[in-house]
Amino acid sequence: MAENGDTHDNYQRSNSFKDSDKYVRTRSGTYVRRDSDSYSRKDSSMPEFRSALKSRLQKSKDELPQGLMREVLETYKPNLLTRRRRLIEDFVRDLMLNNDHIHVMEQQMRDAIKMGLKKENHENASVKCFPTYVKELPNGKEQGKFLSLDLGGTNFRVIFMELTKDKEFMMDSKIYAIPHSVMIGPGVELFDHIADCLAMFVLDRKIQDETLPLGFTFSFPLQQEGLNKATLVKWTKGFNCAGVEGEDVVGLLQEALERRGDVKIEVC
């Protein structure tokens, strides 16, 4: 991947790319906008548990005796290595799974799915299993510009994608937060907030005059009746917006977008 300060790379873009120098080609071949969350996210950052482990090891080293006794201990490498290994094993013990644990988890998941698939137990199942209306997979010939929205928690991600005839894949994304007051307030406020963020995203990229199809991922139990029609069965994950359960969430989002009237987005 090109460095942040570099505005060019060795790959030619097609004419469909607006402001092509704002995009960088990743190792996977995807073109990502430099100021998008997808590009700025650092995949190589150290996980917090590694940082905490490093701090504990340093604290253990600092607690060693000073002076001559410290020199003696530091020269006794086998003992120090054994102690360090023991600290690491103690720290990660709760993260280790053996085959028995995995087998139990697998069986519990299978039982939950089987319960969700049975009509008589479906209402009380923890894993709801509903029919899907996705009948085909991508074939590699798709072209055009698309939006996608992934809502499943306290944040949601908006993504803009362009697939060209040359099989170039351009992607731009941004993450938006959902305030707790919106998570538990009226449903209309939730969908108005989502519509506002979608509009800001589209207006910022100057694509508001284009009619864009939106793929909507709504990660809650839904009774799906078609590709663009799904009724919310029950709120989970801390959400409790009034007036949404039993309603078509695709329709609610489309209505919120139409109330704004300044963007051309079709939820599909």
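Q: In which helix does methionine 105 lie?
A: Methionine 105 belongs to helix α5, residues 99-117. Helices here are DSSP runs of H or I with at least four residues, strands are runs of E with at least two, and both are numbered from the N terminus. The protein has 8 helices and 9 strands. Do keep in mind that this is a predicted model, in which local features need pLDDT of at least 70 and side-chain atom pairs count only at pLDDT 80 or more, while totals for chains, interfaces and linings use all residues. Residues are numbered from 1 along each chain as its sequence is written, and side-chain values use heavy atoms, with hydrogens and water left out.

Q: Why is methionine 105 called partly exposed?
A: Buried means under 20% relative accessible area, exposed means over 50%, and partly exposed lies in between (1.4 Å probe, protein chains only). Methionine 105 has 47% relative accessibility, so it counts as partly exposed.

Q: What makes the nonpolar surface patch that includes Met105?
A: Leu97, Ile102 and Met105 make a patch of about 290 Å². Patch residues need over 30% relative accessible area and no salt bridge; nonpolar side chains (Val, Leu, Ile, Met, Phe, Trp, Tyr) are joined within 5 Å, and like charges within 9 Å. Accessible areas come from the Shrake-Rupley method with a 1.4 Å probe, and for residues only the protein chains shown count as cover.

Q: What makes glutamate 210 and lysine 145 a salt bridge?
A: A salt bridge is a side-chain nitrogen of Lys or Arg within 4 Å of a carboxyl oxygen of Asp or Glu. Glutamate 210 and lysine 145 come to 3.3 Å, N to O, so the pair qualifies. Glutamate 210 lies in the loop between α7 (187-204) and β6 (212-218) and lysine 145 in strand β3 (residues 144-151), so the bridge ties together parts 65 residues apart in sequence. A search of the whole structure finds 9 salt bridges.

Q: Are aspartate 172 and arginine 205 buried or exposed?
A: Aspartate 172 has a relative accessible area of 0% and is therefore buried. Arginine 205 is buried too, at 13%.

Q: What makes the pair of aspartate 262 and arginine 260 a salt bridge?
A: The N to O distance is 2.7 Å, so this pair also passes. Aspartate 262, at 30% relative accessibility, counts as partly exposed, and arginine 260 does so at 33%.

Q: Why is lysine 206 called exposed?
A: Its relative accessibility is 63%, so lysine 206 falls in the exposed class. Lysine 206 lies in the loop between α7 and β6, and its phi is positive, about 55°, although it is not a glycine.

Q: Why is lysine 237 called partly exposed?
A: Lysine 237 is at 46% relative accessibility, so it belongs to the class in between. This residue has a positive phi of about 60° without being a glycine, and it lies in the loop between β8 (229-232) and α8 (249-260).
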